[in-house]
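Please read the following briefing alongside the sequence and the model, which are shown just below.

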Amino acid sequence: MKKILLLLLVTILSVPVLAQETNVSGRVTDDADGAPLPGVNVVVKGTTNGTVTDSDGRYSLTVPSSSSTLVFSFIGLVTQEVEVGGRQSIDVPMKSDITQLNEVVVTALGIERKRNELPYAAQQVSGDAITTTRNSNFVNALSGKVAGIDIKTNNNLGGSTNVVIRGYKSITGNNQALFVIDGVPVSNANNNSVQQRNGGTGVDYGNAAADINPDNIASINVLKGAAATALYGSRAANGVVMITTKKGKKDAFSVAVNSGVTFGVIDRTTYAKYQREYGAGYGSGFYNADLGQGVGPVVQFDADASFGSQFDPNLMVYHWDALDPFSPNYQQMRPWVGAKNDPSEFFETAVTSNQNVTLMGGSDKTVFKLAYTRVDDKGVLPNSKLEKDLVNFSASYDVTDRLTVGASANYSRITGIGRYGTGYNGNNPNQQFRQWWQVNVDIKEQKDAYFRNRQNISWNWPSATGGTPPIYSDNPYWTRYENYANDSRDHYFGYMTMTYKITDWMEAIGRVAFDATTDFQEERVAVGSAGVRFGVDPTIAPPNVPSFYSRFDQSYSETNYDLLLNFNKKLSESFSLTGLLGTNLRRTRLSSMKAATNGGLVIPKLYSLSNSISPMQAPLEQYVRVGVDGIFANANLGYKEMLFLDLSARQDKSTTLPEDDNSYFYFSTSAGFVFSKVLTAPWLTFGKARVNYAEVGNDPVPLSLYDVYDKPTAFGSIAMFSLPNTKNNPQLVAERTKSIEAGIEAEFLEGRVGFDFTWYQSNSFDQAIPVNLTSATGYVSRFVNSGEVENKGIEISAFATPVESQNFSWTLGLTFARNRNKVVSLYSDAVTNVQLSDVINPLQGSVTTNAAVGYPYGVLKGTNFVFTNGQPTVNSQGRYIATASSAEIIGDPNPDWLGGITNTLNYKNIKFNFLIDIRHGGDIFSLDQWYGEGTGLYPHTAGLNELGVPKRSPVAEGGGIILPGVKEDGSQNDIRAANEDGTGTVFGYPNSPPRAWYVYDGSYVKLREVALTYSLPSSLIENLRPLKGIDISLVGRNLWIIDKNMEYSDPEETLSSGNSTNGYQSGAYPAVKTYGFNVKFNF
Amino acid sequence: MRHLIITFVSAMLVTSCVDSLDDYNIDQKRPSLAPAETFFTASMKQLADVLTTPNVNTNNFRLYVQQWATTTYLQEPRYDLTSRIIPQNIWQALYKDVIADLREAKRLLEEDELLPAEDKTTRLAQVEVVEVYAWFVLVTTFGDVPYSQAMDFQNPVPAYDDDATIYADILERLDVALGSLSAGGNGFDNADVLYDGDLDQWVKFGNSLKLKLGMLLADVDTGKAKGIVEAAATNVFTDNADNARFPYLSAPPNNNPLSANLNPAFSSRQDYVVASVIIDKLNALNDPRRPFYFTTVNGEYKGGNYGFANAYGDFSHTSNKTIAPDFEALLLDYSEVEFLLAEAVERGFAVGGTAEEHYNKAIEASIVYWGGSSGDAATYLGQPSVKYTSAPGNFKEKIGVQKWIALYNRGIDAWTEWRKFDYPVLLPPSGGSVPVGLSIPVRIIYPINEQTLNGVNREAAAAAMGGDVASTKLFWDVN
């Protein structure tokens, strides 16, 4: 019927009425993929004369004069005005408009809603915005683009990304956002070891969200508050990142090919700088030995510090390579000078190649999409490589007018070699480079030494006459080429869905969604290495091992069965009702095993469990299953498209709760008021106010109810059992987050300017979590329902188009979020603090992260300065005095606010955009500085003092340092503290100064993304059929840190995703600047 | 329509079936039941480990008594107790690894309805003896500690008890246990890695422990000490064969922690050399134990400078004997008992024999234990500088010095004896870059975790003790 009307309309309008009238026809296509756009409004400006495009995107229209202007508009696309200019054929590509308030957004459970109906905050980002700079982990590309989402990337190759929405809510539980792809929740698990996550030995294997193919993403919608996520149930308490993938279009076929290469180099402003005056040792002096040219000074190889003798080019000494028989310097003395190449030369150029092809299309009853992506990622560390193969397929078929079936299948395989070791770990080269190093060692000579015979020729010989293995530090190339880890992850996810239209206002949807990962990880320490603290048992501190091999096998699967009834009914002229009724059955299963050799390897370079010197210890097995059944309902009542009332309720039953009390109910209620319907003003395009209240329940982690025992390795033939570290609790109840949110959003001046403001508060109660206990209780932690954490804050996102003309436009986007977080209470009034950092695998440096009542979540505790009249106090030796207590709050890792500024400039076919990402505040304790200054690596530990005398000269000779502060009597400090050697230095760990001295402000302003895209003009493309478009982009990421306060590192760098090491850096990797190009072909 | 919805919803409810998945809550890979004796063995291993390990993060007592010195890192020989979490590691090992498992063993024994009552009594007594040992270490290391409110997960903030009160209580508990050990039941058999089920040995071990506990009170409450010591002395170790030894195995993780940290087969680190303080003394005395204690450098026994950096290759290390993976750990030995008896005689306690006889037996037992002969011992004892009657100083110095030598490699025991005798005279490092005002710890400060997790009670305890510092003397350390 509509078609006939349309046809009629087109016919009528096509009839020429006046002589000067001309007929204009053409085709409207999607700018992104060249697909035809049906249903686009085409109107002659200033008239009611218009038409809509047909199913092939074609239109034809009679215009009053050749100087008329045509206006092309469509919901979700940027309205375009085109002067006819005497032309008879005008083809128009239309761009999608991310700022449109009328766009359709995907909400919980994949339900599409018009944005004006939504009574809660949701911020949508287009796929284009994510893929612009070709970051192979799309999560990182969200940073700065969505208000209220705190993304902390680390600089690891494929490393895990911390994604926290609206602050940390759970004290020791999961705080990471849930990822949902086309309605399928996918794992974002972090499979890193407990030791790794607590700053000890380990490798960061990343989290699974990184497996998602960014080129497959159509849009991302971030659901922030409980009202938006209540339907998802328990696991969405931390917000949801909803990903909608690209879908084929009916009666169309398109092919897109993306090909890009980026290069990465380290940002030297985020790496250690070295003093160049003093070499190896903790104090002046050399060993004396004859290493070939007679007895002479020998560098103190076994001293992992640079507090030694002053460099003197006239002094000939035996360096480490005098002991390397294959070195040209074997048995030679060389001048005592600093290294030409410092450890920053260790880092190589990263190369990422990203190739993608996407086929989409459909007939009148089917649509499909098939995409393949290949990513080759070579990191900045030698011998590091990630390979990703990603295959995505989805299709749907209209079986009848009422019945549609669809399916999606996705497979990705990620293989990694040499992912970076992290933390305080011999397999993290930054441990030696940033903390324990001799600045006389030339990294390129170390490279040659390793590659000559692939031997562990380290600068760190155990004695003046050599020996094996190195005492503390391996040759860093040996570490990378021999002691590497490798891994693979196979990730499958997909769904089958069936939609049946019962009536024109109700449909039933059945869906089975499946997500599974198979992980395999191998770690090794080669025979001949300095020992590394490695082990598999998370319940004991790892032992030092001379050589080692471990393997970890894990399979994980989650299946969701959904049954939904969807309503959308106009109840009367004024009232509309949309709603749903549904059930969800979720089953997850995790099975894993980690096994390792014991006591070292028999045959070098054979990495197999059977190659264990001592009998293998029992592997660590896990078998964990969860079942959750939910029923839920939602109704959204609309009045004249102006007032909306939204109600949701859900009841879950979970197996992780005690069987007799395993169900919990929660709900949300929201209201929206489109005030622009009543407040009509020419400048106001759209305006909406919204308010909501919601509760979300959450179940405990599995296997936290009943007590079980640990089984240590038997003592010979005598069995041993032991109580575990954690006491379980059969009385756990579901936890609950209550949140209230209010917001206002508006657009002005025909959508040229707009903003969205949200205020929220959420309080999480009765968290079912393990809390650390004093071991005087017999345990180190216990599962309890604990306390209350409050988060409140504001989020603002705004946009403006200051300039818009036919050839040039400039749009500006802005996000700002401020979250204030407080631990209100803990599980007992007597308990005022819970330590977050692991008790068994504590953070080095004797600092802890804590949830302290009355303070923000995650505060750092350690020794503080002793203040006198507000000034740090020094003792009679001129050194800072530390408080006796290590429970002083010395830092708050939570940022004061986060912001992002996006700029997009379009000039004809050229588009330029850049993003500035800002983080203000957030404290970080640096173990690198704590140790590295103590070993005299950094420039300010040497050089001249204010008298012009070397700081490292004896105080009696005018050397030493006067630290800013006061003496114990309150007078200005004038005591020159000794800084002669590594045992007496004022800096760093040796004399245990206040830990607060090594806490830094983690603020930064980063030029996060820059992209310049040139779309070849259609006049050129015309000749290249079947090509429909070519876009060429030059892209850059993290090119410039505009401002930061941490001198030698990237304040964004983290160890892993999770709670325990937030605000703690150890062995930090430098930021990587990436730049490259991408070519996109549309067929 | 309504019909449809009702059908739909009921279909949903029927499919909701987690209630049938109750086994999902059961850990399929770890047991919820295990025999009592397995906890007993585990706790003894944990106890031996914490007492024996030379790990700088846990046990630095060999440094405090200046038997060892470090090569590079000087925080620990200079008594920095916060750079690493040393106090926490000791605390945690004793409470969570040792006492918690002992309590679990007791709980399981008490719940065992099939075990004959007299066997139950005996086994509980064996567990009790080990628990008394663990409390003794805790109390003599930290002073006031959580005791009456400890070991209760439902009380996350246990109050601290006065150390003298705890001490008195564990002595009473030890007496009860000693009574039960001789009540005729069967003890643990092969789970008893100390004595393989020989209850007579347990009685001797218990009495020797009692002797040790009693003697520590000699300065603060001589009367009480006298009673305890005299009662115990009748049935203590009489031979090295009686020693309470933990028999480490050669394969990790049941190897001696010394080997895990110092044996090149397991670690490349070179953190320790022997301190000149002990080597010079042994050289001066021509001590026959030197080859069993130390390695040589160019044929000499040469010690490093305590509290300062030392080149690893220039000085003697602890002997290969001590870093063998299966080198046994002593919890209490015959030599120590004889030294206690010598001291008892000197203090006028009626334990039989003369101080010199016990002193000679103690030294001979030590020399023979380490690998020397009785002849070596006789020669050694014949020297005027060793001979009891002519060795320098009062009885505290004579016994203190020789006991310090005999307790080589048993840092925590040597430290406690040094605190009691105040001999040998040990001085904190000074000069050069050494921080001002160092003193050798006479207790270990409370763990940082106690500050973050049990802050109020820790503060109260610190105040009661006169400050949570390493220079606060414990109640028995009065002279």
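**Salt bridges, interface and confidence**

In this predicted model, K212(B) and D413(B) join their side chains in a salt bridge with an N to O distance of 2.7 Å, a salt bridge being a side-chain nitrogen of Lys or Arg within 4 Å of a carboxyl oxygen of Asp or Glu. Because K212(B) lies in helix α7 (residues 199–216) of chain B and D413(B) in helix α16 (residues 411–421) of chain B, the pair ties together parts that are 201 residues apart in sequence. Both K212(B) and D413(B) are buried, where buried means under 20% relative accessible area, exposed over 50%, and partly exposed in between (1.4 Å probe, protein chains only).

Residues are numbered from 1 along each chain as its sequence is written, while chains are lettered from A and ligands numbered from 1 in the order in which they are written. Local features need pLDDT of at least 70, side-chain atom pairs count only at pLDDT 80 or more, and totals for chains, interfaces and linings use all residues, while side-chain values use heavy atoms, with hydrogens and water left out.

**Confidence**

- Chain A has a mean pLDDT of 88, with 96% of its residues reaching 70 or more; pLDDT is the predictor's confidence in each residue, from 0 to 100.
- Residues 1–19 of chain A have a pLDDT below 50, and this stretch has eight contacts in the model beyond near neighbours in sequence, a contact meaning heavy atoms within 4.5 Å.
- Where pLDDT is low, the predicted coordinates should not be read in detail.

**Salt bridges within chain A**

- Over all chains, the rule gives a count of 76 salt bridges.
- One of them pairs D928(A) with R434(A), at 3.7 Å from N to O, and this pair links distant parts of the chain, since D928(A) is in helix α8 (residues 927–932) of chain A and R434(A) in helix α5 (residues 429–435) of chain A, 494 residues apart.
- D928(A) is buried, with a relative accessible area of 0%, and R434(A) is also buried, with a relative accessible area of 0%.
- Another salt bridge joins D756(A) to R690(A), whose closest N and O atoms are 2.5 Å apart; D756(A) lies in strand β40 (residues 753–772) of chain A and R690(A) in strand β37 (residues 684–698) of chain A, so the pair ties together parts that are 66 residues apart in sequence.
- D756(A) is buried at a relative accessible area of 10%, and R690(A) counts as buried at 4%.
- A network of salt bridges links R166(A), K224(A), K688(A), R690(A), E741(A), E745(A), D756(A) and E795(A).

**The interface of chain B and chain A**

- In the model, 93 residues of chain B are in contact with 107 residues of chain A.
- The two chains bury about 8,200 Å² between them, 60% of it on carbon and sulfur atoms, buried area being the accessible area (1.4 Å probe) that two parts lose on being put together, summed over both.
- Y24(B), N25(B) and F153(B) supply 9% of the area that chain B buries against chain A, more than any other three residues.
- Three salt bridges are found across this interface, and K29(B) forms a salt bridge with E621(A), with the closest N and O atoms 3.1 Å apart.
- The elements α1 (2–15), α2 (36–52), α4 (86–111) and α17 (448–453) of chain B each supply at least two residues of the side that touches chain A, and α4(B) gives the most, with 10 residues; helices (H or I, at least four residues) and strands (E, at least two) are DSSP runs, numbered from the N terminus.
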